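Here is a short report on selected contacts in one protein model. Please keep the sequence and structure in view while reading.

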Amino acid sequence: MTERLYYKDAYTRTFDAAVVERFRHEHRTALILDRTYFYPTSGGQPSDRGSINGAPVRDVFIREEDGAIVHLMGGEVWSDAVQCEINWDRRFDHMQQHTGQHILSQAFIQSADARTVGFHLSDNSVTIDLAREQLRPEEIEQAELLANQIVWEDRPVRIRMISASDAEELALRKIPELDGDTLRLVEIEKFDRTACGGTHVSRTGAVGIIKIVKVERRRNQLRVEFCCGRRALFDYRHKNRVVKRLSAEFTTSSDELENAVANLRDELKQARRQARRLQAETMDLLAEKFLAAAPENQGVRVVTRVFDERSADDVRSLAQQIASRSGAVALFGLSGESSQLIFARADDAPGQMNELLKPALQVLGNAAGGGSGTYAQGGGPAANHDRVRQALSRAERLLLAQIH
């Protein structure tokens, strides 16, 4: 069984060890050492990275059948006596995030009576799940402030092994299922005490800062995303750059940026309403123009037209405008990379649009569509203006045959 030195010391970066087993796993060399500081994936925390005799360590995990620590390599290691090095940047980042999670979880208990029921740490995010459906913004801010107060007080973080009987007597925030007679206790002086196997900083000040970045509801729980230390710094840098760019774009200070965006949003809404009114007026005028040019046949006017550049929404709107007139029928098509046919008629006009659509789509080839007697549409592969015109002409001939 590998001696798990990371349980006792998270700050060691280099160490010597002996290979006690070497095998292949997922087409890679896998090593089991007699002793290791490499932390394996477990408890919501990802594994360490680093090197063994210069070869990169790609993953570290616990072998289920015997609990051995497997080091999955990115290269060959031939010697049984090895020199190992932990990727310190990754290790310290995990220490900051995990200790920060302990602090924040206890802060939510004390400020909002919200207990943590889930924890996940990845290279991109850190989250906890709270057993609450909602929290007021001020409760979230209070928990964040309390957590950072504990960081700024630079309290000691102590780790010790205790027996199962001792664990029952202590007011632990969380007691995991025991794998043996002892468990590992992580204690933040006069603030939090919980059983945990992860890597942690030795004093809360090393966490740097704890910043909540998002809170969202997940079923009957709240998921809180946060970042600590270096991640919090990088998050601030990114958001500060965004604020500075937007402030320059709006020629305003960061304090007035929110108002500037709100004003722009209101102007955009007003502009969209005006655009919709103008669009409706334009479609109405076009409908009148097309109907005036269409010959009348026994009280029916059929408008047949191919559009090469208008959007499908515009064409649908125009078809519906024409169909709102008594005795009017619109047989429209769009050419281009994806062809479309849009048929519409007034309630008192002849023809079943869905029945006219089917033979027209056959002209376009591999096309599909459907609809009702008064409105139908379908699409097909790329087609030029003439090909779409042929499809419309076929529908128009069938419709005119019904009128006569």
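## Basis of the report

A residue is called buried under 20% relative accessible area, exposed over 50% and partly exposed in between, using a 1.4 Å probe and protein chains only. This is a predicted model: local features need pLDDT of at least 70, side-chain atom pairs count only at pLDDT 80 or more, and totals for chains, interfaces and linings use all residues. Residues are numbered from 1 along each chain as its sequence is written, and side-chain values use heavy atoms, with hydrogens and water left out.

Helices (H or I, at least four residues) and strands (E, at least two) are DSSP runs, numbered from the N terminus.

## Salt bridges

Side chains of opposite charge can pair when their charged atoms come close. A salt bridge here is a side-chain nitrogen of Lys or Arg within 4 Å of a carboxyl oxygen of Asp or Glu. By this rule the count is 28.

Take Asp154 and Arg203. They form a salt bridge, with the closest N and O atoms 3.1 Å apart. Asp154 sits in the loop between helix H2 (137-152) and strand E11 (157-163), and Arg203 in the loop between strand E13 (192-195) and strand E14 (210-218), so the pair ties together parts 49 residues apart in sequence. Asp154 is partly exposed at 31% relative accessibility. Arg203 is also partly exposed, at 36%. Elsewhere, salt bridges that share partners join Glu21, Arg63, Glu65 and Asp66 into one network. Within it, Arg63 and Asp66 meet at 2.7 Å, N to O. Arg63 is buried at 15% relative accessibility, whereas Asp66 is partly exposed at 33%.

Arg91 forms a salt bridge with Asp48; the closest N and O atoms are 2.5 Å apart. Arg91 belongs to helix H1 and Asp48 to the loop between strand E4 (35-36) and strand E5 (50-52), so the bridge links parts 43 residues apart in sequence. Is Arg91 buried or exposed? Arg91 is buried, with a relative accessible area of 0%. Asp48 is buried too, at 0%.

## Helix H1 against helix H4

Two packed helices are described by the angle between their axes and the distance between the axes. Axes are lines fitted to C-alpha atoms, for helices over the stretch in contact, and angles run from 0 to 180 degrees between N-to-C directions. The axes of H1 (residues 88-112) and H4 (residues 229-250) come within 7 Å and cross at roughly 90°. H1 is therefore roughly perpendicular to H4 (under 35 degrees counts as roughly parallel, over 145 as roughly antiparallel, 65 to 115 as roughly perpendicular and the rest as oblique).

Contact means heavy atoms within 4.5 Å. H1 contributes Asp89, Asp93, His94, Gln96 and Gln97, and H4 contributes Gly229, Arg230 and Arg231.

## Two strand residues

Glu187 lies in strand E12 (residues 182-188). Glu187 is buried, at 18% relative accessible area. Its side chain makes a polar contact of 3.0 Å with that of Arg193 (a pair of N or O atoms within 3.5 Å; within protein, one must be able to donate a hydrogen and the other to accept it, and residues adjacent in sequence count only if both atoms are side-chain atoms).

Val224 is in strand E15 (residues 221-228). Val224 is buried, at 1% relative accessible area. Leaving aside neighbours within four places in sequence, its contacts include Phe108, Ile128 and Ile212.
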